[in-house]
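Subject: Structure handover

Hello,

Here is the structure for your files. My notes on it follow below.

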Amino acid sequence: MDTNKQPGIWFICTGIGSQWKGMGISLLKIPVFSQSIDACTEALRHYNFNVKDFLLNIDSPMYTNIDNTLVAIIAIGIGLIDVLRSVGVRPSGIIGHSAGEIVCGYADECLTLEETIRVAYLMGKCFTESNLPTGAMAVVGLTWEKAVEFCSGSEVELACHNAYDLVAISGAKQAVLSMVERMKKEDLFTRVFDTGNLASHSKYMLLIYERVLRDISTVIPNPKPLTKRWISTSVKLNNNEQPTTENKEVLCSGEYYANNLRSVVRFYDALKQIPDGAVTIEISPNGILTRAVLKRALPNCELLVIATSDEDDGIQTLLDCLGSLRTLGVDVKNTESISSLITVPPSA
């Protein structure tokens, strides 16, 4: 790679399913990250939700509630973006997977920190307070066309087009589990993932559409348009490969996020917009998309993860990411300030 020319940097933001107990705790030693988590708590003071306490109390029964884990995932995304900003790393492209598009709003500077974390909180409450049918989601190793054939006539819906031969299905829990068993008998790859009994991107999301639209609109009073760097995965692309709606620009708004929940996640289409040689950084608690999708979908790109899995030290992963960026020719500033200031103890 030509080190005299900085490569394009793409942020890939993940959503529900990337959570794990203990996520973000080691990163609280980094002042920039810790301050971001504190700011998220302050933004949710009205709702009496302490983000740092939630991250630290891994044995709390609150960890089993999808509304709480959604807030934590988004807060970690905010903190990681703030760390990158503090060393001068900003994206030339942004893609979000499902609820990861909430983090995209922050990365694209359409949403403030306060707006971003409040969107996550209110969306989570819509999930848990609306008595939705018990749902499930699973990843299956099929092309989109084959998945359509396989699921035809069933109650299962195609929810996410993740890669050429990787699709997520969604629907009522028993219907999804029955479909998974059928696929296993065909020796197909399947994996049910933890959504807290939520069937995102299915018809059930229409049951909460109006509430999501109303509630989220209250915390985004002045919606801003998506910039060209944000490649939407919930708005269909036109022939010029840019997001479009009927006769108006796409706004980061309550309507956008309400539509996100019901729309198919067009992740595979969005990834096609990343040029060869670009550097992708997964903004996530665990790097799940890099392992499951990006390594196959982007063979000619540099793939980095700034977060951590439950088997690694988050600070080391972050420093490795920053070191790799420098090696790749990215103008990373003040990394010494991060490594030398890792002194904040992981406590509330």
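Which residue in S5 stands opposite His-161? The residue is Val-167.

Before the rest, the conventions. This is a predicted model, in which local features need pLDDT of at least 70 and side-chain atom pairs count only at pLDDT 80 or more, while totals for chains, interfaces and linings use all residues. Residues are numbered from 1 along each chain as its sequence is written, and side-chain values use heavy atoms, with hydrogens and water left out.

Overall

The protein has 13 helices and ten strands; helices (H or I, at least four residues) and strands (E, at least two) are DSSP runs, numbered from the N terminus. Of its 348 residues, 55% count as buried, where buried means under 20% relative accessible area, exposed over 50% and partly exposed in between (1.4 Å probe, protein chains only). Among contacts (heavy atoms within 4.5 Å) between residues at least 6 apart in sequence, 75% join residues at least 24 apart.

The sheet

Four strands form an open sheet in the order S4-S5-S3-S6, with antiparallel pairing; two strands pair if DSSP finds at least two bridges between them. Strand S4 (157–163) and strand S6 (190–193) are the edge strands, each pairing on one side only. From one strand to the next, the twist averages 25°. Axes are lines fitted to C-alpha atoms, for helices over the stretch in contact, and angles run from 0 to 180 degrees between N-to-C directions.

S4 and strand S5 (residues 166–172) are joined in the antiparallel sense by five bridges. Lying across S4 and S5 is helix H6 (residues 144–151), which runs at about 160° to S4. Helix H7 (residues 173–185) also packs on the sheet and touches strand S3 (135–140), S5 and S6; the direction of H7 makes about 140° with that of S5.

Helix H12

Helix H12 (residues 314–327) has 14 residues and spans 20 Å from its first C-alpha to its last, close to the 20 Å expected at 1.5 Å a residue. The expected span is 1.5 Å times one less than the number of residues. Buried residues in H12 are Gly-314, Ile-315, Thr-317, Leu-318, Cys-321, Leu-322 and Leu-325. Seen down the axis, these buried residues fall within an arc of 165°, so they line one face of H12; the arc is that of the directions from the helix axis to the C-beta atoms. Just after H12, Gly-329 has a positive phi of about 95°.

Salt bridges

The count is 16 salt bridges, each a side-chain nitrogen of Lys or Arg within 4 Å of a carboxyl oxygen of Asp or Glu.

- Asp-108 and Arg-229 meet at 2.8 Å, N to O. This pair links distant parts of the chain, 121 residues apart: Asp-108 is in the loop between helix H4 (100–107) and helix H5 (113–129), and Arg-229 in the loop between strand S7 (224–225) and strand S8 (251–252). Asp-108 is buried, at 3% relative accessibility. Arg-90, Asp-108, Glu-109 and Arg-229 are linked in a network of salt bridges.
- Arg-211 and Asp-215 meet at 3.1 Å, N to O. They are four residues apart in helix H8 (residues 209–219), and therefore separated by about one helical turn. Arg-211 is partly exposed at 21%, whereas Asp-215 is buried at 13%.
- Arg-45 bridges to Glu-42, with the closest N and O atoms 2.8 Å apart. Arg-45 is exposed at 55% relative accessible area, and Glu-42 is partly exposed at 44%.

Regards
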